[in-house]
Amino acid sequence: MQVGVAQNWQCDGFWSALHDAHDWAHTEAVGHQHRVTSLMGFLDTWYLTLGIERPSLMTRGRWARRYAGDVDMGSGTPQHPCMCNRYQPGERQRIEDHFNAKRLREYNEGPPTVHPKDPGWVVRLKEGTMVLEQMTWGFPVVLRGKQGQPLKPKPVNNARFDKLGAFWKRWAAQPEHRCLIPTARYAEAVGTPGKMTETWLSLKDQPLFAWAGLCRASDEWGDCYTGVMTENAPELSHIHDRSPVILLPDQWQAWLTNPLAELYQFDRPFPAAGVKIDATAALWARR
């Protein structure tokens, strides 16, 4: 990385193109093509400034296949494919005890490591009682192909806190669509593309914590949930610039019951001093 290559206006234009929903476009394909053309224009300018040869079309295509499928611009939550897309909920009995939650019915145990579209545990408040349920991780978003045909739904497993009053408001504003996601630890990818390794994060003084979540019913996958993300502590920004919204026990009720306007108190990073970091040599493998 070289400082001073990109002008401020170029950076602003790049991020504007990246996050533009392109509602003006006649079709999604037209909007997507405009976005790609704009972004590549900025990148080509920076390659020229640095005197670096532009990557070949084959290389660009490989990057696109690797990353573009995991960036959902229509959801209000552009996501890097390595952004907290796996976590471990812990043992079910420990979850029930920690949250004092009861199961409404029997479920399979579920995977020890949850990935998007896997079943995972959520805790909800139902008639004043904490209940434990199993849902699919990720809100299904149905995109359309070049001919307008519906494509296979993609799971949107993270919801940015700064979008709760916009794209996510239809659920965030209603307490019945909020939940707690039992989490023992979560993983982020660290390193350069192709050589990224798994780094796991947990709390130093608690075996489990509650990750703030949203949930809803869907036609595609039944009941599903997504985790809310906020900015990371500066000391942990080398791992990722965002992290799950971590709620302590005395904050659970507020998340599950308070009006949306009162939830913004939780839009803050968890103190880095309370986070345990387990940097491993295991390569980050996509599923």
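Which side chain meets that of Arg-103 in a salt bridge? The legends below take this question up after a note on the model.

This is a predicted model, in which local features need pLDDT of at least 70 and side-chain atom pairs count only at pLDDT 80 or more, while totals for chains, interfaces and linings use all residues. Residues are numbered from 1 along each chain as its sequence is written, and side-chain values use heavy atoms, with hydrogens and water left out.

**View 1. A salt bridge joins Arg-103 and Glu-96.** The N to O distance is 2.4 Å, where a salt bridge is a side-chain nitrogen of Lys or Arg within 4 Å of a carboxyl oxygen of Asp or Glu. Glu-96 is buried at 12% relative accessible area, whereas Arg-103 is partly exposed at 26% (buried means under 20%, exposed over 50%, partly exposed in between, with a 1.4 Å probe and protein chains only). Glu-106 is linked with Glu-96 and Arg-103 in a network of salt bridges.

**View 2. Arg-92 forms a salt bridge with Glu-109.** The closest N and O atoms of Arg-92 and Glu-109 are 3.1 Å apart. Arg-92 lies in helix α4 and Glu-109 in the loop between β2 and β3, so the pair ties together parts that are 17 residues apart in sequence (helices are DSSP runs of H or I with at least four residues, strands runs of E with at least two, numbered from the N terminus).

**View 3. Four strands form an open sheet in the order β1-β9-β10-β15, with antiparallel pairing.** Strands β1 and β15 stand at the edges, each with a single partner strand, so one side of each is left without a neighbour in the sheet (two strands pair if DSSP finds at least two bridges between them). Tyr-87 has Tyr-186 in β9 as its bridge partner.
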